[in-house]
Amino acid sequence: MLFRSRYHNAVRIGLTDGHSFDEVRAAVEQLASVRTTEANREHNTITAIAAADSKEPWRDVSDLIAEKGWEVASIQLEAGRLDEVFRQITGGAES
């Protein structure tokens with residue numbers, strides 16, 4: 001059995017203050033390669049979680065940003081989170 005963090009190949013977008021947070025999040029969630037998003041309004045970031053059948057949403061997210069002409073503070077591809085995989089393997093035990 002293969003264990004993989006849900007954040008494997010997720011894309012984190014850091015927004016500038018000039019964009020509507022909800023508008024960007026809604027547009028990213030419409031991408032076929034994105035299963036869902038997680039919002040962090042405190043840090044002004046949106047994380048696009050890859051759909052199960054998607055290798056990575058990186059290209060689709062970056063194409064959307066270019067198409068819409070959004071200026072973003074950052075865009076980062078996530079490798080995954082080891083603590084999450086550990087909890088999967090151990091059945092939720094704390095590390």
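Of the 95 residues of the protein, what percentage count as buried? Please then look closely at Thr-37: which residues is Thr-37 in contact with, leaving aside its neighbours within four places in sequence?

A: This is a predicted model, in which local features need pLDDT of at least 70 and side-chain atom pairs count only at pLDDT 80 or more, while totals for chains, interfaces and linings use all residues. Residues are numbered from 1 along each chain as its sequence is written, and side-chain values use heavy atoms, leaving out hydrogens and water.

Of the 95 residues, 35% count as buried (under 20% relative accessible area; exposed is over 50%, partly exposed in between, with a 1.4 Å probe and protein chains only). The protein contains three helices and four strands (DSSP runs numbered from the N terminus: helices are H or I of at least four residues, strands E of at least two). Along the sequence they are arranged as β-α-β-β-α-β-α.

Thr-37 belongs to strand β2, which spans residues 34–40. Thr-37 counts as buried because its relative accessibility is 4%. Leaving aside neighbours within four places in sequence, its contacts (heavy atoms within 4.5 Å) are Arg-25, Val-28, Glu-29, Ile-46, Thr-47 and Ala-48.

The buried residues of α1 are Phe-21, Val-24, Ala-27 and Val-28. They lie on the same side of α1 because they cover an arc of only 140 degrees around the axis, the arc being that of the directions from the helix axis to the C-beta atoms. These buried residues pack against β1, β2, β3 and α2.

Beyond four places in sequence, Thr-47 is in contact with Tyr-7, Ala-10, Val-11, Arg-12, Thr-36, Thr-37 and Glu-38. From Thr-47 to Gln-76 there are 29 residues in sequence, yet the C-alpha atoms are 9.2 Å apart.

In soluble globular proteins, nonpolar side chains tend to be buried together. The largest core here has 15 residues, among which Ile-13, Val-28 and Val-61 touch the most other members. Two or more of its residues come from each of β1 (11–15), α1 (21–29), β3 (45–50) and α2 (58–68). The largest share, four residues, is given by α1. Not counting residues up to four places away in sequence, Val-61 touches Val-11, Ile-13, Val-28, Leu-31, Val-34, Ala-48 and Ile-75.

The loop between β2 and β3 holds Asn-44. Its phi is near 60 degrees, a positive value in a residue other than glycine. Asn-44 is buried because its relative accessible area is 19%.

Conventions:
A nonpolar core is a set of buried Ala, Val, Leu, Ile, Met, Phe, Trp, Tyr and Cys residues joined through side-chain atoms within 4.5 Å.
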